[in-house]
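Let's take a friendly walk through this model, starting with its aromatic rings and moving on to a helix and the charged side chains. Have the coordinates open as you read.

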Amino acid sequence: MLTPTRKRLMRDFKRLQQDPPTGINVAPQDNNIMLWNAVIFGPDETPWDGGELILALHLLSENICEDEQLYV
Amino acid sequence: MPEEDLVELQFRIYDGSDIGPFRYSPASTVAMLKERIVAEWPKDKKIIPKAANDIKLISAGKILENNKTVGQCRAPFGELPIGVITMHVVVQPSFAKAKAEKDVDEVPRKHVCGCSIL
């Protein structure tokens, strides 16, 4: 079932794959766009410097807004 | 050997620059990728790893283990048409910190035993 939320998430994932930001690495788990694995690299000069934060993001709501510009 | 089997990988390091892209067979191991990254590391960077153990590879939201293959580390939803797969490289802190601190912390610690035998 391809809700607008899921379409938005697929779009975000594709963007992240094409140009990944330096400090994080993130991807959905196999075949479940609502559950993501993420690694955040410890920023310099913080207690997390040199380490990695390993997270699992569980998206609960199907109501993620399509257009961020509405929140300006 | 068909060219389509090869995977194109590039590696993004701490300052946002990329090493690669390189073509690898899906059967290549993470250890092999690390060796190549260390060999191709730009010499003008502030932090330069010396060995494959000095770096960690991160892809698809996971830290990759040395014995895994490239094929096992592919991001899901592989049907999306992506040309190059970009992985992140992190230099191990023990190496990076040791390099920065070796000139600072040279005071030898004195090991004095305080026990007395009566």
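Searching the whole structure turns up two aromatic pairs over all chains; here the rings of Phe, Tyr and Trp (its six-membered ring) pair if their centres lie within 6.5 Å, and planes under 30 degrees apart count as stacked, over 60 as edge-to-face and the rest as tilted. One of them joins A:Phe13 and A:Trp36 in an edge-to-face arrangement, with 5.8 Å centre to centre and 85° between the planes. This pair links distant parts of the chain, since A:Phe13 belongs to helix H1 (residues 4-18) of chain A and A:Trp36 to strand S2 (residues 32-41) of chain A, 23 residues apart. Helices (H or I, at least four residues) and strands (E, at least two) are DSSP runs, numbered from the N terminus. A:Phe13 counts as buried at 1% relative accessibility, and A:Trp36 is buried with a relative accessible area of 5%. Buried means under 20% relative accessible area, exposed over 50%, and partly exposed in between (1.4 Å probe, protein chains only).

The partners in the tilted pair are B:Phe11 and B:Phe22, at 6.3 Å centre to centre with 35° between the planes. Here too distant parts of the chain are linked: B:Phe11 sits in strand S1 of chain B and B:Phe22 in strand S2 of chain B, eleven residues apart. B:Phe11 is buried at 0% relative accessibility, and B:Phe22 is buried at 9%.

Before going further, a word on conventions. This is a predicted model, in which local features need pLDDT of at least 70 and side-chain atom pairs count only at pLDDT 80 or more, while totals for chains, interfaces and linings use all residues. Residues are numbered from 1 along each chain as its sequence is written, chains are lettered from A and ligands numbered from 1 in the order in which they are written, and side-chain values use heavy atoms, leaving out hydrogens and water.

B:Phe22 has another neighbour to look at: the charged end of B:Arg36 sits over its ring, 3.9 Å from the centre. For that label, NZ of Lys or CZ of Arg must be within 6 Å of the ring centre and within 35 degrees of the ring normal. B:Arg36 also meets B:Glu40 in a salt bridge (3.2 Å, N to O), a term for a side-chain nitrogen of Lys or Arg within 4 Å of a carboxyl oxygen of Asp or Glu. Both residues lie in helix H1 (residues 30-40) of chain B, four residues apart, about one turn of the helix.

Which residues of H1(B) are buried? They are B:Val30, B:Leu33, B:Lys34, B:Ile37 and B:Val38. Strands S1 (7-12), S2 (18-24), S3 and S5 (85-91) of chain B are included in what covers the buried residues, where contact means heavy atoms within 4.5 Å.

A:Glu52 is buried at 18% relative accessibility, whereas B:Lys56 is partly exposed at 21%.
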